[in-house]
Each structure stands twice: as C-alpha cells, then as structure tokens.
Amino acid sequence: MVRFSFAGHAFAALPQGALFWPARRALIVADLHFEKASWFAAGGQMLPPYDSMATLADLSALVVATDPREIWCLGDSFHDSAGCERLPTAARATLAALTARHRWVWITGNHDRDLVDRCGGEVMAEAEVDGVILRHEADPADPRAELSGHFHPKLRLTVRGRRVARRCFVATERKLILPAFGALTGGLDADHPEIVRAVGAPAQALIALDDRLLRFPLAA
C-alpha cells in the first residue's frame, strides 16, 4: 500500500487496482462488471461463467487486508442493471455478507444506471465526500476534485523487448481515474485521446507496486 497525495487528501494506491482512503477507512474500486460472462452468454457468446466469483474473491481478500469501514464502487459494478439477479447463489451470498458488514455504496455507471438495491448497499448517481466527487465517468467541465472509473486504463510498455500491459491509475491535479477491478475486463491505453480529454493535461499513469508508485508522464 503506497500513499500519495491527491486534492489535499492522503490516499493509498493498491497493486490490485483499488484505492484506499485512510482518513475515512474507505476502499474504492471501479468497474467490477459482475455477470459480464452471463450477459454475453445470453447473446450466444459463451465465456467461462466464473468472472463474478473471481472478482468477489479478489475483493474479499482486499477487504480483509484493509479492514475498511466504507466501500465505494464507482459504476459499472454489474455489466447490466439486471446482473445482480443473475448472480450464482454462492456469489450472491458472498456479496450480501460484504454489503451487510460495511457501509457500501454503488455509484451507477453507463452499464448499470438502472441498478436498484437488490444486493444490499446504497445506490447513488454520484456523491461528494469530503470535497471530492465520486462518479463513474470523469467530467472534464467540472473543476472539482474527482475520482472516477469507466475507461479501464492500462499502460503498455516494452520491457526487455517484450510488450506488456499493466492496469494503471491516470491522474492530474484534480482528477484521478481508477483502473477496472473486474476479472473479465479489457483496457484502454492510458494515453488514449478520450482519457486525456477527460482528465486534461499534464497527466500521469500511476502503477502501484507493493513498495512504490511508478509514475509515467502521458503525452497530451
């Protein structure tokens, strides 16, 4: 867990692609995309149906490690608004136990904007927490400090002659985009024009390791 400053607050970037807010004991994740595989299966594209349990296992381990009081999910937590209803029994039980033990907030996104409270927790379009806006997609016209998701940023690098991709945070002085946490999610290049447009310049890609935070400037 590597701490850094954003908008006057201390946060910690986690290698798993989550954010921890120590002063609030808040764990923040984005783009879980629960039940993405079952959504594709309904359209005839069969994928291994284990994505929700894999994501929940990773999230549960992070909850144990950080002991949060609050958990904020920044939109597209379900691949569609009916995803909660399709959760396998074991996944539903795991999620219900998590939402019952913590203050849990679902920020709605473009995939689950019609989400209703069927898996526990609170449902909001966006929230302002200690002067920081939590929403799904960055608003380039909003000058306030903001945490968001939506773009699934990844940084692609050439290391020892091989191309590698790592999920990353994208940050400017007032905006911070989280990577996708879900097990079955792709990624958009961190320097993609849509990401740069959303956060402004100068922007950095941040990759969290166990003991340090790597920063890579992004071209405007």
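Q: Helices (H or I, at least four residues) and strands (E, at least two) are DSSP runs, numbered from the N terminus; with that in mind, in which helix is Thr 55 found?

A: Thr 55 is found in helix H2, which covers residues 51-66. Before going on, please note that this is a predicted model, in which local features need pLDDT of at least 70 and side-chain atom pairs count only at pLDDT 80 or more, while totals for chains, interfaces and linings use all residues. Residues are numbered from 1 along each chain as its sequence is written, and side-chain values use heavy atoms, with hydrogens and water left out.

Q: How many helices and strands does the secondary structure of the protein have?

A: The protein has five helices and 17 strands. Along the principal axes, the C-alpha trace spans about 45 × 40 × 35 Å.

Q: Is Thr 55 buried or exposed, and which residues does Thr 55 touch?

A: A residue is called buried under 20% relative accessible area, exposed over 50%, and partly exposed in between, using a 1.4 Å probe and protein chains only. With a relative accessible area of 1%, Thr 55 is buried, and of the 220 residues of the protein, 49% count as buried. A contact means heavy atoms within 4.5 Å, and, not counting residues up to four places away in sequence, Thr 55 touches Leu 32, Phe 34, Phe 181, Gly 182 and Ala 183. Across the protein, 63% of the contacts between residues at least 6 apart in sequence join residues at least 24 apart.

Q: Which residues of the largest nonpolar core touch the most other members?

A: A nonpolar core is a set of buried Ala, Val, Leu, Ile, Met, Phe, Trp, Tyr and Cys residues joined through side-chain atoms within 4.5 Å. The largest core here holds 27 residues, and those that touch the most other members are Phe 4, Leu 19, Ile 28, Trp 72, Leu 147 and Leu 176. Strand E1 (residues 2-6) provides the largest share of this core, namely three residues. A second, separate core of 25 residues includes Ala 18, Leu 27, Leu 32 and Val 63.

Q: Where does Ala 13 lie, and which residues is Ala 13 in contact with?

A: Ala 13 belongs to strand E2 (residues 9-13) and counts as buried, at 1% relative accessibility. When neighbours within four places in sequence are left aside, Ala 13 is in contact with several residues, among them Met 1, Phe 4, Leu 19, Phe 169 and Leu 213.

Q: Where is the place of Arg 215, and is Arg 215 buried or partly exposed?

A: Arg 215 sits in strand E17 (residues 213-218), and a relative accessible area of 43% makes Arg 215 partly exposed. Arg 215 and Gln 204 are eleven residues apart along the chain, and their C-alpha atoms are separated by 6.2 Å. Leaving aside neighbours within four places in sequence, Arg 215 is in contact with Phe 4, Gln 204, Ala 205 and Leu 206.

Q: Now for the backbone: what is phi of His 33?

A: Phi of His 33 is near 55 degrees, a positive value in a residue other than glycine. His 33 is found in the loop between strand E4 (26-29) and helix H1 (36-42), and is buried, with a relative accessible area of 5%. Asp 130 also has a positive phi, of about 50 degrees, although Asp 130 is not a glycine. Asp 130 lies in the loop between strand E8 (127-129) and strand E9 (132-134), where a relative accessible area of 46% makes Asp 130 partly exposed.

Q: Which residues does a cis peptide bond join?

A: The cis bond joins Ala 201 and Pro 202, with omega about 0 degrees. Pro 202 is found in the loop between helix H5 (193-199) and strand E16 (203-208).
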